[in-house]
Amino acid sequence: MENVLRPLIVFGSTVLLTLAIGWATDRLLRKADDRDSETPLWGLLRRGRIPYQLVLCSALLRGSYDQAKLLQRHQVGIGQALTLVLIGSAAWLMIRIAAAVVETSYSRYARVHRDAARVRRVRTQVELIMRVVSAIVIVVAAASMLLTFPAMRAAGASLLASAGILGIVAGVAAQSTLSNMFAGLQIAFGDMVRIGDTVVVDGEWGTVEEITLTFLTVRTWDERRITMPVSYFTSKPFENWSRGTPQMTGIVYWHLDHSAPIDAMREKLRDILRQCQAWDGRAYGLQVTDTTPNTIQVRALVTAKDADDIWTVRVAVREQMITWLSTEHPYALPRVNTSDSVLPPSRVPSPDRAALRKAYEFPRTGRG
């Protein structure tokens, strides 16, 4: 009877104590969150209750398993497994705590500062720092797990002796990966491109959606995702429309007839922009910038607060101006002028020349 009750008491008390401590901690975090709702730290810390309970349970079982006297033949293996679970859950809990602290710091910064460009820069830096911290914690946890095995501890001296050669080989093999990692850090702290920036890369217009240590994702206007190595942005030129101030100036072109009413088009452009909510009211203009034998090129300049609004303003101006011209001034639209060819009187062909020209204008079916 003792062989049955002892394991039940040990494991049951361990589970109950873990649940009780986890419930009490979660209750305290919930009260702290309700009392200080402006700080998201307590709510974010509640996300780590599962790894927190795993740490408690594995630590209690690791310390009290000897008292259970269950499966004593496999005591070493079970103790090793509990140690591995304890290390893994502790690393998971550390990552959750670090994420909560970093996210809270970013939320406070974003709430205080109103500059969207600075907020995006800090967001990019915070995410990359969090990825670095997670990678370090995972590597340390994996190394700690390996060192719990006696064979790995015995091989430590030989591993350290060959670390120099392995480092050189790994550096040569992972040259592109390391360059991307350093490029990711350079992008994060060099403020070249940030999450949320509007960029043009390889002729594709889109918004930076994700930045990691090795790659960058651009979401295009048609919902496609372009994944590129971060080293691209440190080695090749690209357009960043959000660099500095997000305000932009857009251009709209029309090819019209020479008789187009330019002054009336300027007044119509002003009326269109006054009704367009995306126009920021800074400036506008309309000029004739080029001419050809058949048409003239008319250019309109409009402004907006960011790249999305400048696109809306441009398409609205282009569409409404064409509609207005086709309705009110159809003669202003480009057309191809055709008429009968009239030769000068001195070059009127004689009857013989006219007959000869007519003979060569049409294909001959007979011989000769």
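Analyst: Helices (H or I, at least four residues) and strands (E, at least two) are DSSP runs, numbered from the N terminus. The model is a predicted one.

User: Which residue takes a positive phi in the hairpin of E1 and E2?

Analyst: E1 and strand E2 (residues 204–211) run antiparallel and are joined by 4 bridges. Val 199 has Gly 206 in E2 as its bridge partner. The hairpin has 2 residues between the strands, and the one with a positive phi, near 55 degrees, is Asp 202.

User: Is Asp 197 buried or exposed?

Analyst: Asp 197 belongs to the loop between helix H9 (175–190) and strand E1 (198–201). Leaving aside neighbours within four places in sequence, its contacts include Arg 120, Gly 206 and Val 208. The cut-off for burial is under 20% relative accessible area. Asp 197 has 0% relative accessibility, so it counts as buried.

User: With which side chain does the side chain of Asp 197 make a polar contact?

Analyst: Asn 240 and Ser 242 are both among the residues in contact with Asp 197 when neighbours within four places in sequence are left aside. The polar contact of the Asp 197 side chain, at 3.2 Å, is with the side chain of Asn 240.

User: Which strands stand at the edges of the open sheet of 3 strands, and why is one side of each left without a neighbour?

Analyst: The order in this open sheet is E6-E8-E7, with antiparallel pairing. Each edge strand has a single partner strand, so one side of it has no neighbour in the sheet; these strands are E6 (248–256) and E7 (279–291).

User: What is the bridge partner of Gln 287 in E8?

Analyst: E7 pairs with strand E8 (residues 296–304) in the antiparallel sense, over 8 bridges. In E8, Gln 287 has as its bridge partner Arg 299.

User: At about how many degrees to E6 does helix H12 run?

Analyst: Helix H11 (residues 262–275) packs on the sheet and touches E6, E7 and E8, its direction making about 155 degrees with that of E7. Helix H12 (residues 307–328) lies across E6, E7 and E8, and its angle to E6 is about 20 degrees.

Definitions and conventions:
Residues are numbered from 1 along each chain as its sequence is written. This is a predicted model: local features need pLDDT of at least 70, side-chain atom pairs count only at pLDDT 80 or more; totals for chains, interfaces and linings use all residues. Side-chain values use heavy atoms; hydrogens and water are left out. Two strands pair if DSSP finds at least two bridges between them. Contact means heavy atoms within 4.5 Å. Axes are lines fitted to C-alpha atoms, for helices over the stretch in contact, and angles run from 0 to 180 degrees between N-to-C directions. Buried means under 20% relative accessible area, exposed over 50%, partly exposed in between (1.4 Å probe, protein chains only). A polar contact is a pair of N or O atoms within 3.5 Å; within protein, one must be able to donate a hydrogen and the other to accept it, and residues adjacent in sequence count only if both atoms are side-chain atoms.
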